[in-house]
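Colleague: I'm new to this one, could you walk me through it?
Modeller: Gladly, let's look at it together.

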Amino acid sequence: MTSLNIQTASALGLRVDELTDINALIGATYGLDGLLLSETDLGPEFFRLGSGLAGELFQKFVNQRLMVALILPDFSAHGARFAELAFEHARHPSVRFMTSEEAAWEWLLEAAGR
C-alpha cells in the first residue's frame, strides 16, 4: 500500500479570500492526493455564492483531479443557498462538504486511496 499525501490548507500556509488566491492554492496542492479546507481557511467571499469564488475553486479542483473535503460544522450558517450547495455535494466524487474533521479525513483516505 502506498502512502497518501493529504494536507490541510493551514499546513500549507494558505487561505482562500479572493479569486487571486486560487492559483497559489492549486500550485501548492500539485502532487497531493487530497486537501482539507476548514471554515477558517475560507474568506467571506467564498460563502457569498454570487462572487463566483466557490464555483471557480471547485472547478479548478475537479480539473486537477484533487480530492477536497470542506469542513463546515453548520452548512446553513452561511445561508440557505450555501446549505443547498453543500447538500448537493453530499455525493460529489471529488469535492465534498463534511461537518467534522474526522469525517473529512475518513472520506479523503477512502476516496484518494481508490
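Colleague: Which residues in α3 are buried?
Modeller: This is a predicted model, in which local features need pLDDT of at least 70 and side-chain atom pairs count only at pLDDT 80 or more, while totals for chains, interfaces and linings use all residues. Residues are numbered from 1 along each chain as its sequence is written, and side-chain values use heavy atoms, with hydrogens and water left out. In α3, L53, A54, L57, F58 and F61 are buried, where buried means under 20% relative accessible area, exposed over 50% and partly exposed in between, with a 1.4 Å probe and protein chains only. Helices (H or I, at least four residues) and strands (E, at least two) are DSSP runs, numbered from the N terminus.

Colleague: And where do they sit around the helix axis?
Modeller: Seen down the axis of α3, its buried residues fall within an arc of 125°, so they line one face of the helix; the arc is that of the directions from the helix axis to the C-beta atoms.

Colleague: What do the buried residues of α3 pack against?
Modeller: They pack against α1, β2, α2, β3, α4 and β4, with contact meaning heavy atoms within 4.5 Å.

Colleague: What about the largest nonpolar core, how many residues has it?
Modeller: The largest nonpolar core has 27 residues, and L37, F46, L57, F61, L70 and F97 are those with the most contacts inside it. Such a core is a set of buried Ala, Val, Leu, Ile, Met, Phe, Trp, Tyr and Cys residues joined through side-chain atoms within 4.5 Å. The largest share of this core, five residues, comes from α3.

Colleague: Which residues is L70 in contact with?
Modeller: Setting aside neighbours within four places in sequence, L70 is in contact with L37, L42, F46, F58, V95, R96, F97 and M98.

Colleague: Switching topic, is P73 buried or exposed?
Modeller: P73 is exposed, with a relative accessible area of 55%, and its place is in the loop between β3 and α4. Not counting residues up to four places away in sequence, P73 touches E39 and T99. From C-alpha to C-alpha, P73 and T99 are 4.2 Å apart in space, although 26 residues apart in sequence.

Colleague: Last one, what follows α3?
Modeller: α3 is followed by R65, whose phi is positive, near 55°.
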